[in-house]
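Here is my note on the model. Please read the points with the structure open.

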Amino acid sequence: MYRDHRIAVVVPAYNEELLILDTLETIPDFVDRVFVVDDCSKDATLEKARAFAEKDTTKRVIVIHHEKNKGVGASIVTGYKAVLEASEDKEGIDVAAVMAGDNQMDPAFLPHLLDPVVDGKADYSMGNRLVDREFRSGMSKWRFFGNALLTLLTKIASGYWQMVDPQNGYTAITRRALEIISLNAIYPGYGYCNDLLVRLNVYGFRVKNVPHPSRYGREKSGIRYSTYIVRLSRLLLKDFLWRLKMKYIVLGFHPLVFYYFFGAFISIMSVFAGIWTLYYKFIQGGAMFVPAVVTLLLFSIGAQFLLFAMLFDMQAERNNGGWY
C-alpha cells in the first residue's frame, strides 16, 4: 500500500523483450498489483513476463495476453478493466498508474505522481517533461516541436488549458474516474492520452501536471510524428466537437458553443473573402480597398468570437469542482 491506498500498475507491452524485465524488476514494493498486458508481441515479451510472474513470490504480477494486436490505448484499457475487476473482488484498488514496458518511466517518480491523487487534489495526474529545459534534455528538437504542437491542440480539444505534455503516458487515475468514463470508447492507438483527457473533462474530473525529467535509453519510439500529428489532429477535432456537445449542451449549457460556432463560421468566411479579394484584384483588375477592409473586418470579428469562447472555456476549467 501507499499511504493507506492500494495501488495497481498497468504495464502495456509490445515487442519489449529487451526491457520488460527491467521494467518489472524496478516497480516499487508498495504497488499491490501489476497488470502486464502483452499486445500480441512477436518476440519473447510474453514468455519473459510470464516467467517473471511465476518466480514472483508476492504473486502480485498478472499477465494478460491479446490474441490480436490492438494498440497501446487498447492495452491500457484492458489493464484498467482488470483493475476494476480486482476491485470488485474486494481487493479495493484505489489508484491505477501506467508504466510502459520499455522502462522509460522512472519508478522513483511514481510517488510524486500518486501524491496529488492520494491527497484528493486530482482525479488524474500526468507527467510533464516539457516544463523545464533540463527535463527534456534527452528529447530531440523534432520530438519537442511535435509535443509542443500537440499540447496546444489538446488544450483546445480537452478544455484543460493549464495542462502540458499530453503525450506523456506516465499517469495515475482514481478508480472512481475509471468507473464513470466509458473505457470502451477510448481511442485504441497512440492518441489514447489525448482522447482520455477529453473524456475526463466532460465529467469534470480534475487533472494535475507533475514535472519530471525525460528518460530515454535503449527503447525505440513507435511514433512517426510526420503522420501521427495529422492523424491525431483529426481525432482531436472530433473530440473537441464531442466535448462541446456533451459538456455544454447535453449535460449542461453554456453560450460559449455559439461563440465557437460563429467564430469558426465567420473566420472561414473571411478566408474565402480573402481569396475572392485577390481574384478580384489580380484577375479582374478591380479595386482592392473595400473587399480587403471587409475581409479584415470579418477576420477580426471571427477571431474575437473564438478568443471569447476560449476565455469562457478557461473560466469553466478554473471553476470546475467536479460533477460526479
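1. D32 is buried, at 12% relative accessible area (buried is under 20%, exposed over 50%, partly exposed in between; 1.4 Å probe, protein chains only). The side chain of D32 meets that of R6 in a salt bridge, 3.7 Å from N to O (a salt bridge is a side-chain nitrogen of Lys or Arg within 4 Å of a carboxyl oxygen of Asp or Glu). R6 sits in the segment before β1, and D32 in the loop between α1 (20-25) and β2 (33-38), 26 residues apart. Helices (H or I, at least four residues) and strands (E, at least two) are DSSP runs, numbered from the N terminus. R6 is partly exposed, at 23%.

2. A word on the basis. This is a predicted model: local features need pLDDT of at least 70 and side-chain atom pairs pLDDT 80 or more, while totals for chains, interfaces and linings use all residues. Residues are numbered from 1 along each chain as its sequence is written, and side-chain values use heavy atoms, without hydrogens and water.

3. The whole structure holds nine salt bridges. Among them, D123 pairs with R206 at 3.2 Å, N to O. D123 lies in the loop between α4 (110-118) and β5 (124-128), and R206 in the loop between α7 (192-202) and β7 (207-211), so the pair ties together parts 83 residues apart in sequence. D123 is buried at 3%; R206 is partly exposed at 30%. R3, D115 and D119 form a network of salt bridges.

4. Look at D165. Its side chain meets R129 in a salt bridge of 2.8 Å, N to O. R129 is in the loop between β5 and α5 and D165 in the loop between α5 and β6, so this pair ties together parts 36 residues apart in sequence. Both residues are buried, D165 with a relative accessible area of 0%.

5. Check the backbone. Most residues other than glycine have a negative phi. D165 has a positive phi of about 65 degrees. Phi of D4 is positive too, near 65 degrees. D4 is in the segment before β1 (7-13) and is exposed, at 67%.

6. Helix α9 (residues 256-282) contains F258. The helix has 27 residues and reaches 39 Å from first C-alpha to last, close to the 39 Å expected at 1.5 Å a residue. Its buried residues include L256, Y260 and I266. F258 is partly exposed, at 44%.

Key
Expected span 1.5 Å × (residues − 1).
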